[in-house]
Amino acid sequence: MITLKDLPVEEYYLPGNAACSGCASALSIRIALKILGPKIIVVIPACCASVIQGYYPKSPSKVPIMNTAFAATAATASGIVAGLEVKGRKGIAVMGWAGDGGTADIGIQALSGAAERNEDFIYICYDNEAYMNTGTQSSSATPRGAKTTTAVMGKGERKKDVPEIMIAHDIPYVATACAAYPLDFAEKVSKAMRLKGLKYIHLLSPCPPGWRFPTEKMVEVGKAAVMTGAWILYEWEGGKYTLTGPSKGLIDKARRRPLKEYLAMQGRFSKIPEAEVEALQRDVDSKWEAMKKRLGA
């Protein structure tokens, strides 16, 4: 397991970026690049990350970044992989870094095509559960009941389960992670780096302005997502599911904190009816029951 001492001192994502205070995505890409090292090309579509990585001509990144169209993260990464192969450039990795809107919605066609071809790159979706860069509009990754500027009374549909969609493509590796558990995330990036083919990591990225909580509470909110069972940390490899981090101890419902604790920390769930809270709790419990069956527990 990766420890703090294992993380390289070298920084490839420097201070002074344009992220909001408490941004989980900015922290997480810093961790990912420490693991991946300097021989990496990053593809970023239109999203918060395209702003975080800097307005032209300045950037906090010490590695090459290709900015691309909203729908084209996986297509662009595929092209870069092909170009490196044609040129005989060895030992250079490619990573797509896209938000939930550019992954679950606008970019899913290109991602599905890349998965079908089993392209050799890492794709990380930092999921802040809405279109945050353009004003907090709902995406298909926004959870049911959450208020956004396009669902002022709360979204009515369930969150799309993109990791399970990627598992259905039978790619080499799929994992979930949370920015509040950076070493678990680092371990999964490290494993993905060692595998050939398409590797997909879905990272929960709590967003202070979009979720409406104080900037200093990002880690606390992220941990609550995991400890209430709202977000399950797991890996899928070779047809096998494995729970990771704190999720390993949460199979027993009695060990999970009540979901309402997590919801109460966020303004986007303010004044949510008790019946809706109970329905969301049932959703969480149902997802864990499905996970138990996959694990054979």
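## Salt bridges across the model

A salt bridge here is a side-chain nitrogen of Lys or Arg within 4 Å of a carboxyl oxygen of Asp or Glu. With that rule, a search of the whole structure turns up 22 salt bridges. This is a predicted model, in which local features need pLDDT of at least 70 and side-chain atom pairs count only at pLDDT 80 or more, while totals for chains, interfaces and linings use all residues. Residues are numbered from 1 along each chain as its sequence is written, and side-chain values use heavy atoms, with hydrogens and water left out.

Let's start with Arg117 and Glu119, which form a salt bridge with their closest N and O atoms 2.6 Å apart. Burial is judged by relative accessible area: under 20% is buried, over 50% is exposed, and in between is partly exposed (1.4 Å probe, protein chains only). Arg117 counts as partly exposed because its relative accessibility is 48%. Glu119 has 17%, so Glu119 counts as buried.

Helices (H or I, at least four residues) and strands (E, at least two) are DSSP runs, numbered from the N terminus. Glu235 and Lys191 meet through their side chains in a salt bridge of 3.4 Å, N to O. This pair links distant parts of the chain, 44 residues apart: Glu235 sits in strand β7 (residues 234–237) and Lys191 in helix α7 (residues 182–194). Glu235 is buried, because its relative accessible area is 10%.

Asp285 and Arg256 make another salt bridge, at 3.5 Å from N to O. They too link distant parts of the chain, 29 residues apart, with Asp285 in helix α11 (residues 274–295) and Arg256 in the loop between β8 (240–243) and α10 (259–264). Both Asp285 and Arg256 are buried. Elsewhere, salt bridges that share partners join Asp127, Glu129, Lys159 and Arg268 into one network.

## How helices pack

Two packed helices are described by the angle between their axes and the distance between the axes. Axes are lines fitted to C-alpha atoms, for helices over the stretch in contact, and angles run from 0 to 180 degrees between N-to-C directions. Helix α1 (residues 24–36) packs with α7 at an angle of about 40°, their axes 9 Å apart. That angle makes α1 oblique to α7; angles under 35 degrees count as roughly parallel, over 145 as roughly antiparallel, 65 to 115 as roughly perpendicular and the rest as oblique. Contact means heavy atoms within 4.5 Å, and the residues in this one include Ile31 and Ile35 of α1 and Phe185 and Val189 of α7. The residues of the contact of α1 with α7 divide into 9 nonpolar, 2 polar and no charged, where Ala, Val, Leu, Ile, Met, Phe, Trp, Tyr, Cys and Pro count as nonpolar, Asp, Glu, Lys and Arg as charged, and the others, Gly among them, as polar.

Next, α3 and helix α5 (residues 108–117) pack at about 40° with their axes 7 Å apart, and these two helices are therefore oblique to each other. Ala74, Ala75 and Ser78 in α3 meet Ala110, Leu111, Ala114 and Arg117 in α5.

## A buried strand residue

Where is Ile41 found? Ile41 is in strand β1 (residues 40–44), and counts as buried because its relative accessibility is 18%. Leaving out residues up to four places away in sequence, Ile41 touches Pro64, Ile80, Leu84, Ile92, Ala93, Val94 and Met95.
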